[in-house]
Amino acid sequence: MFQDVLGKTFRLLGYTIQYGCIAHCAFEYVGGIVVCSGPSMQPTIQNYDIVVLDNLSRHFYSIQKGDIVIAKSPSDPKSNICKRVIGLEGDKVCTSSPSNFLKSHSYVPKGHVWLEGDNLRNSTDSRCYGPIPYGLIRGRICFK
């Protein structure tokens with residue numbers, strides 16, 4: 001009887017670990033569901049909108065200008081940011097805020113992207129912390 005209980009316990013533990021690994025791989029490499037918060041992407045994405053994330057696009061380098069992506073924050077690695085891709089490597093981008101009378105421009109370095117929020121007046125983005133490495137991108141938003 002003790003062996004039956006022990007056997008069932010180990011079997012259950014084995015299934016739990018297997019399904020946990022499958023779920024981890026699915027959410028890490030295929031995609032997942034994310035809740036976006038903050039005003040930086042308004043009016044496109046409202047506070048607490050639920051979006052579907054496609055992680056495969058970052059692995060195949062198919063991120064394009066205009067895509068909305070989720071990336072690790074360069075200033076706080078524990079948090080994520082939701083921004084629009086404005087420039088890819090080699091692109092010339094405007095690095096000044098919209099209120100500046102004199103506009104300054106820069107080129108996006110190799111292996112980096114330039115991200116900005118749609119709500120330019122209320123967004124902390126690449127205009128503050130510069131271009132971010134492509135490796136910080138978690139995925140592209142494909143559904144809202």
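Modeller: Seven strands make up an open sheet, in the order E1-E2-E9-E3-E4-E7-E8, with antiparallel pairing. Strands are DSSP runs (E, at least two residues), as helices are (H or I, at least four), numbered from the N terminus; two strands pair if DSSP finds at least two bridges between them. This is a predicted model, in which local features need pLDDT of at least 70 and side-chain atom pairs count only at pLDDT 80 or more, while totals for chains, interfaces and linings use all residues. Residues are numbered from 1 along each chain as its sequence is written, and side-chain values use heavy atoms, with hydrogens and water left out.

Colleague: Which strands stand at the edges?

Modeller: Strands E1 (31–36) and E8 (132–133) do; each has a single partner strand, so one side of each lacks a neighbour in the sheet. Helix H1 (residues 2–30) packs on the sheet and touches E1 and E2, its direction making about 70 degrees with that of E1. Contact means heavy atoms within 4.5 Å; axes are lines fitted to C-alpha atoms, for helices over the stretch in contact, and angles run from 0 to 180 degrees between N-to-C directions.

Colleague: Over how many bridges do E2 and E9 pair?

Modeller: Strand E2 (residues 49–54) and strand E9 (residues 137–143) pair over three bridges. Val52 stands opposite Phe143, and Leu53 faces Ile141. E9 also pairs with strand E3 (residues 68–72) over three bridges, where Ala71 has Ile137 as its bridge partner.

Colleague: Why is strand E7 described as largely enclosed?

Modeller: Buried means under 20% relative accessible area, exposed over 50%, and partly exposed in between, with a 1.4 Å probe and protein chains only. In E7 (residues 112–116), four of the five residues are buried, so the strand is largely enclosed by the rest of the structure. Three antiparallel bridges pair E7 with E4 (residues 80–87), with Val85 opposite Leu115. Two bridges join E7 to E8, and His112 has Pro133 as its partner there.

Colleague: Which residues lie nearest the centre of the largest pocket?

Modeller: A pocket is an open set of points on a 1 Å grid over the protein atoms alone, where a 1.4 Å probe fits, with protein on both sides within 12 Å along at least five of seven lines; lining residues have an atom within 4 Å of a point. Here, 15 residues line the largest pocket, and Ser37, Ser40, Asn80, Ile81 and Cys82 lie nearest its centre. E1 and E4 are the elements giving two or more residues to that lining, and E4 gives the largest share, four residues.
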